[in-house]
Amino acid sequence: MVAAVAGIVSTPLIWLLNGTDTGQLVGASVQAAVAIGAFVWALLQHPPAGQGQGPVDTAISTGRAEATGGGSAASGVRRPAGAGSGSARAERTGDASADGTGSSASTGIDYR
């Protein structure tokens, strides 16, 4: 957005400061219109306040999660690490137990 504003203001001035003829006036007008279009496009790309912050995952009163023999169990929120930018919340989580090599259990939030 800053670049678009700089283009809107500075480009026509640079064209017009050297003395104006028809070509320079047309060039300044075209470049100003393109910069204004870029500014409007940038405004439309920004999500409205309160939106676009990613998913909001919530796990409340989760049950028991148990995994055996290399298995995986989750009764809460499971989201791959780095996926999304939203928040996650877990309340009153229960017990989790994992038995065996490679087993994992989660009743809250699992970002693996």
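**Predicted chain: exposure, salt bridges and helices**

Me: Does Arg-92 count as buried or exposed?
Reply: Relative accessible area, taken with a 1.4 Å probe and protein chains only, defines buried as under 20%, exposed as over 50% and partly exposed as in between. The relative accessibility of Arg-92 is 57%. Arg-92 therefore counts as exposed.

Me: What is the mean pLDDT of the chain?
Reply: This is a predicted model, in which local features need pLDDT of at least 70 and side-chain atom pairs count only at pLDDT 80 or more, while totals for chains, interfaces and linings use all residues. Residues are numbered from 1 along each chain as its sequence is written, and side-chain values use heavy atoms, with hydrogens and water left out. pLDDT is the predictor's confidence in each residue, on a scale from 0 to 100. In this chain 80% of the residues reach 70 or more, and the mean pLDDT is 76.

Me: Which element of the chain has the lowest mean pLDDT?
Reply: Where pLDDT is low, the predicted coordinates should not be read in detail. Among the elements of the chain, strand β2 (residues 65-68) has the highest mean, 84. The lowest mean, 71, belongs to α1.

Me: In what order do the elements of the chain run from the N terminus?
Reply: Helices (H or I, at least four residues) and strands (E, at least two) are DSSP runs, numbered from the N terminus. The chain contains two helices and eight strands. From the N terminus on, the order is α-α-β-β-β-β-β-β-β-β.

Me: In which loop is Arg-92 found?
Reply: The backbone of Arg-92 has a positive phi of about 45°, although this residue is not a glycine. Arg-92 is found in the loop between β5 (88-91) and β6 (96-99).

Me: Which residues do salt bridges with shared partners join into one network?
Reply: Side chains of opposite charge can pair when their charged atoms come close. Here a salt bridge is a side-chain nitrogen of Lys or Arg within 4 Å of a carboxyl oxygen of Asp or Glu. Arg-89 meets Glu-91 at 2.8 Å, N to O, and Glu-91 also forms a salt bridge with Arg-92, with the closest N and O atoms 3.4 Å apart. The residues joined into one network are Arg-89, Glu-91 and Arg-92.

Me: Which residues make the nonpolar surface patch of about 380 Å²?
Reply: Patches are made of residues with over 30% relative accessible area and no salt bridge, like charges being joined within 9 Å and nonpolar side chains (Val, Leu, Ile, Met, Phe, Trp, Tyr) within 5 Å. One member, Leu-17, is found in helix α1 and is exposed at 69%. The patch is made by Val-5, Val-9, Leu-13 and Leu-17.

Me: What distance separates the C-alpha atoms of Ile-14 and Ala-28?
Reply: Ile-14 lies in helix α1 (residues 2-17) and is exposed, with a relative accessible area of 57%. Ala-28 is one of the buried residues of α2. Along the chain Ile-14 and Ala-28 are 14 residues apart. Their C-alpha atoms are separated by 8.3 Å.

Me: How far apart are the end C-alpha atoms of α2?
Reply: The expected span of a helix is 1.5 Å times one less than its number of residues. The 24 residues of α2 should therefore span 34 Å. In agreement with this, the end C-alpha atoms are separated by 35 Å.

Me: Which residues does Ser-106 touch, not counting residues up to four places away in sequence?
Reply: Ser-106 is found in strand β7 (residues 104-106) and counts as buried at 10% relative accessibility. Contact means heavy atoms within 4.5 Å. The residues touched by Ser-106 are Ala-65, Ala-73, Ala-74, Ser-75, Gly-76 and Ala-96.

Me: What share of the accessible surface of the chain belongs to carbon and sulfur atoms?
Reply: Accessible areas come from the Shrake-Rupley method with a 1.4 Å probe, and for residues only the protein chains shown count as cover. Buried residues make up 21% of the 112 residues in the chain. The accessible surface comes to about 7,300 Å², and the share of carbon and sulfur atoms is 60%.
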